[in-house]
Amino acid sequence: MKRALDITLSAAGILVLSPVLILIALAIRWKLGSPVLFTQTRPGLHGRPFTIYKFRTMLDARDDDGRPMPDEARLTPFGRFLRRSSLDELPELVNVLKGDMSLVGPRPLIMAYLDRYTPAQARRMEMPPGITGLAQVSGRNTLSWDERFRLDVEYVDRWSLGLDLEILARTVRAVLGREGISAEGHATMPEFRGDETAGYEASDEATQGADARKAAD
């Protein structure tokens, strides 16, 4: 049922939003140059790597040593608009259609974080990663890593089709309200170094829910 919902809504979204996708791509090509898409390898279900697609929001600015400048220096006003409106996430509908991602699930983070997770945190990858998730509608990038991972694991343990529909509805409100776009002092989130959080136990209610469903912005 979850996969059927993903296919139906992602295909409909790509079709309906195709004029918007084309206009955004043209605007990025004009303002930022090529490539239009940002691609990166991310961990999916059970940590299996896949290529995520997003609209590009940053310049390829580098320092004198050839290293990328901080996100805040590379993020353009147009890129900030794409992020505030979450329009940069629209190409991920292709990932959902392909089966790399789901509409709802823990956000796929970067591959470098895999070795930094505690066993409890790694449980977030027991579900396919999503475009939106429980953490994204509960504060998004204003949450600490501890809060974010706790909500990701809570989603894994509590999953139901009804919960997915609730999160999708809350996502619309969060996007329209432009809530939780960035952590204080950061373009998005500070780096997760694996030293902020400790393991935590799921609640009894969540543990019971895990028996009903076992399957990673």
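**View 1. Leu134 and the residues around it.** Setting aside neighbours within four places in sequence, Leu134 is in contact (heavy atoms within 4.5 Å) with Leu151, Glu154, Tyr155, Arg158, Ile167 and Arg170. A heads-up before you go on: this is a predicted model, where local features need pLDDT of at least 70 and side-chain atom pairs count only at pLDDT 80 or more, while totals for chains, interfaces and linings use all residues. Residues are numbered from 1 along each chain as its sequence is written, and side-chain values use heavy atoms, with hydrogens and water left out.

**View 2. The largest nonpolar core.** A nonpolar core is a set of buried Ala, Val, Leu, Ile, Met, Phe, Trp, Tyr and Cys residues joined through side-chain atoms within 4.5 Å. Buried means under 20% relative accessible area, exposed is over 50%, and partly exposed is in between (1.4 Å probe, protein chains only). This core has 19 residues, and Met101, Leu103, Ile131, Leu134, Tyr155 and Ile167 touch the most other members. At least two residues each come from β2 (49–55), α4, β3 (102–104), α6 (145–158) and α7 (161–176). Helix α6 gives the largest share, three residues. These helices (H or I, at least four residues) and strands (E, at least two) are DSSP runs, numbered from the N terminus.

**View 3. Helix α6 on its own.** Its end C-alpha atoms are 20 Å apart, which agrees with the 20 Å that 14 residues should span at 1.5 Å a residue. That expected span is 1.5 Å times one less than the number of residues. Among the buried residues of α6 are Trp145, Phe149, Leu151 and Tyr155, and also the charged Arg148, Asp152 and Asp157.

View 4. Val94 counts as partly exposed because its relative accessibility is 36%. Asn95, on the other hand, is buried, with a relative accessible area of 0%. Not counting residues up to four places away in sequence, Val94 touches Ile14 and Tyr53. With neighbours within four places left aside, Asn95 is in contact with Phe50, Thr51, Ile52, Tyr53, Asp100 and Met101. Val94 and Ile7 are 87 residues apart along the chain, yet their C-alpha atoms are separated by 9.8 Å.
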